[in-house]
Amino acid sequence: MVEHHALSSAPKLIPGDRVAILSPSFAAPGFAPAVHEQAMRRLITAAGLVPVEYATTRRLGATPEDRAADINAAFGDPTIRAILSTIGGDDQITVIPHLDAKLAAANPKIFLGYSDNTHILNWLWSLGIVGFYGGSTQVHLGPGPQIDDVHLASLRAALFTGGELNIFEPGESEDFGHDWLSPRALTEFGAREPTEPWTWAGPEREVNGRTWGGCIEVVDQMAMADRLPPLADLAGTILILESSEELPPAVWVQRWIRSLGERGILNAVDGVIVARPPVSSPEVLPTAEERARRRAAQRNAVISEITRYNPEAVICVGVPFGHTRPQWILPYGGRIRLDGRARTVTANYS
C-alpha cells in the first residue's frame with residue numbers, strides 16, 4: 001500500500017552525547033528522587049550518555065506552559081541529541097498547544113516516552129519525525145537490581161545502532177514494582193509471573209509498515225481534541241495499542257477499539273499489535289486465575305472488534321510494550337514487520 005505520510009529519523013547518538021531528561025506530564029523525579037538518581041547513574045554507565053535536567057524535570061505541579069518551554073528549549077539546543085521522558089501522567093494534552101512545531105521540525109531529535117507521551121509522539125509524527133514508544137527512566141531504568149535485557153537492547157537500538165531486532169517474549173512480566181519511596185524499589189523487581197504465548201489472528205501473511213497509535217486512553221483524548229492523523233496518512237500502517245495502569249475493563253477497551261473502527265482507522269491499517277495489559281496494581285490484587293481471565297477478556301474483545309472492521313489485518317496480542325516490565329521500546333513512525341505466517345515481530349530502529 002502506498003504511504004501518504006513521509007517520516008524521517010533523527011540522527012543517532014554516540015557515547016558522550018548530552019540528552020534531555022524531561023517531565024512533560026508528571027514530575028516523578030520530584031516525588032521519588034532516589035529512583036530518578038539511580039536511573040541517571042545507569043544512563044551514564046550503561047549508555048555512556050550525559051543526562052541534562054531542566055527546570056521542570058523535578059518540579060511537581062509545573063504549569064503546562066513551563067513544561068512546554070523545557071521541551072522547546074531541548075529541541076532548540078544543538079548540544080542536546082535526544083529527549084527522554086521520565087514518565088507519563090494525565091494532562092499532557094494541555095502541553096501540546098504550547099509546543100513550537102517549527103523549532104522541532106527544524107531540529108529533529110530522538111524522543112522516547114509512552115503512556116501520556118502518546119501526545120508528543122503523535123505531534124512529532126504529524127511533523128514527520130520518528131520517535132520511540134517506551135523508555136521511561138522512572139519505571140524501566142531506575143527501579144530494580146538492573147535494567148532488563150530486552151529494554152536495554154531496544155534502548156541502545158533506538159539511540160545508537162538502529163537496525164532490526166526480533167521482538168520476542170522474555171517469559172516473565174510484572175504489572176507494577178515496589179513503592180518508589182521504599183528502599184526495596186532500588187534493589188528488587190516487582191512480583192513477576194510467567195507469561196503466556198502471544199495470540200495471533202487474521203490472515204497468515206506478512207505486513208510491513210510504519211507504526212502509529214499508543215496508549216488507547218490517550219488516543220481517545222486525542223480524538224476528542226481533534227488531533228488524530230488524516231485517514232490517508234494511516235493507510236498501510238501498523239497500529240500499536242496498549243492500556244494503562246488504571247486497568248480499564250475489557251468492555252471499555254472494546255468500545256475504544258470500536259470507535260477506531262467507526263472512524264475508519266482499523267480499515268486503513270495493515271496490522272495491529274496489542275500489548276500485554278496490566279491487570280493488577282498496588283490497590284487491586286486479583287488472584288492468578290482472575291488476572292488470566294482479565295487478560296483473556298481484553299484479548300478476545302480487541303480481536304473481535306478489529307476483525308469485524310478489517311478481517312485482512314494481521315493481529316498480534318500480548319507483546320510486552322507499554323505498561324509492563326520487561327518492556328520493549330518500539331518504533332513510533334518507524335517500521336515494524338508483522339509476519340502472521342511465521343508469527344514473528346521485527347522492529348526497525350533506523
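1. Helices and strands here are DSSP runs, helices being H or I with at least four residues and strands E with at least two, numbered from the N terminus. With that in hand, look just after H8: aspartate 226 takes a positive phi of about 60° there. A quick word on provenance: this is a predicted model, local features need pLDDT of at least 70, side-chain atom pairs count only at pLDDT 80 or more, and totals for chains, interfaces and linings use all residues. Residues are numbered from 1 along each chain as its sequence is written, and side-chain values use heavy atoms, with hydrogens and water left out.

2. Staying with H8 (residues 216–224), its buried residues are Ile216, Glu217, Val218, Val219 and Met222. Buried means under 20% relative accessible area, exposed over 50%, and partly exposed in between, with a 1.4 Å probe and protein chains only. These H8 residues pack against H5, strand S10 (206–215), strand S11 (238–242) and helix H9 (250–263), where contact means heavy atoms within 4.5 Å.

3. Now the aromatics. Eight aromatic pairs turn up in a search of the whole structure. Rings of Phe, Tyr and Trp (its six-membered ring) pair if their centres lie within 6.5 Å; planes under 30 degrees apart count as stacked, over 60 as edge-to-face and the rest as tilted. Phenylalanine 75 and tryptophan 123 have ring centres 6.3 Å apart and planes at 70°, so they make an edge-to-face pair. Phenylalanine 75 lies in helix H3 and tryptophan 123 in helix H5, so this pair ties together parts that are 48 residues apart in sequence. Phenylalanine 75 and tryptophan 123 are both buried.

4. Another edge-to-face pair is tyrosine 114 with tyrosine 133, since the ring centres are 6.2 Å apart and the planes are at 70°. Tyrosine 114 lies in the loop between strand S4 (110–113) and H5, and tyrosine 133 in strand S5 (residues 131–133), so parts 19 residues apart in sequence are tied together.

5. Have a look at threonine 324, in the loop between strand S13 (314–319) and strand S14 (330–332). Threonine 324 is buried, at a relative accessible area of 4%. Its side chain makes a polar contact of 2.8 Å with that of serine 173. Such a contact is a pair of N or O atoms within 3.5 Å; within protein, one must be able to donate a hydrogen and the other to accept it, and residues adjacent in sequence count only if both atoms are side-chain atoms. Leaving aside neighbours within four places in sequence, threonine 324 is in contact with His140, Ser173, Glu174 and Arg276.

6. Last, the strands around S16 (residues 344–348). S6 (residues 164–167) pairs with S16 in the antiparallel sense over four bridges, and two strands pair if DSSP finds at least two bridges between them. Glutamate 164 stands opposite asparagine 348. S15 (residues 335–339) and S16 also pair in the antiparallel sense over four bridges, with isoleucine 336 opposite alanine 347. S15 and S16 form a hairpin with four residues between them, and arginine 343 in the turn has a positive phi of about 55°.
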